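Biologist: Can you walk me through this one? Keep it short, please.

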Amino acid sequence: MPLQNRVTPLGDLVADPARGLVYGNRGCLHDAEGSIRRRWQVKRWISCRLEFKGWQRGPLLQPGRFTELFFLDEATAFAAGHRPCALCRRADYVRFGALWRSRHREQVGADAMDEQLHAERVDPATREQRHHEAALGDLPDGAFVLRRGAPWVVCGGELLRWSPAGYVERAARPAGHAIVITPPSLVSVLQAGWTSVLPLLHPTAD
């Protein structure tokens, strides 16, 4: 039975047998029996390599340990509000920090970035994911929008509908405005031409 540790662009945790291309965490979200009890524990939401220095993670969802999360690709991790890990993705983290400071000059270091991201991704009144509005024509590849209640990613002149196993439907990118899922600061990083060791989009986007 698949574990409930696959993350959607909407930040929800679902159970699905498909394996994503990105790993991460946001603290311990499960109880001693492995059942998910919260959406996050800490403000440090990170995305990581699936493999690093041959480390063996052992059984997943161990009592008292952080909840191992999996994302389809980095665009999905960004949409959910996760940034690069400073350990297993050191070069990505440094590059991300430089792009961040070009947009948030007063914010230096992981704590400042995490505070800003948490304010952008979570509504404190409802504890639900925040969204914002933007012109579709201004959005970079990798940004997620809501279309007919589902998450779709921008890819060139198209929108691609997300699923846990990959992108399953295509539509022409329309004119006008859209409800954007990806936090504003991460949209800015994508607009700067973000590249990393992780795939921005799953191969099904090709």
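This is a predicted model: local features need pLDDT of at least 70, side-chain atom pairs count only at pLDDT 80 or more; totals for chains, interfaces and linings use all residues.

Biologist: Where is Q129?

Modeller: Q129 sits in the loop between α3 (110-121) and β7 (132-135). Helices (H or I, at least four residues) and strands (E, at least two) are DSSP runs, numbered from the N terminus.

Biologist: Is Q129 buried or exposed?

Modeller: Q129 is buried, at 16% relative accessible area. Buried means under 20%, exposed over 50%, partly exposed in between (1.4 Å probe, protein chains only).

Biologist: Which side chain makes a polar contact with the side chain of Q129?

Modeller: That of H131, at 2.8 Å. A polar contact is a pair of N or O atoms within 3.5 Å; within protein, one must be able to donate a hydrogen and the other to accept it, and residues adjacent in sequence count only if both atoms are side-chain atoms. The backbone oxygen of A79 also lies 3.3 Å from a polar atom of the Q129 side chain.

Biologist: New topic. Which residues of helix α4 are buried?

Modeller: In α4 (residues 184-191), they are S185, L186, V187, V189 and L190. They pack against α1 (74-80), α2 (90-103), α3, β7 and β12 (177-180), where contact means heavy atoms within 4.5 Å.

Biologist: And what comes just after α4?

Modeller: G193, with a positive phi of about 85 degrees.

How values were computed:
Residues are numbered from 1 along each chain as its sequence is written. Side-chain values use heavy atoms; hydrogens and water are left out.
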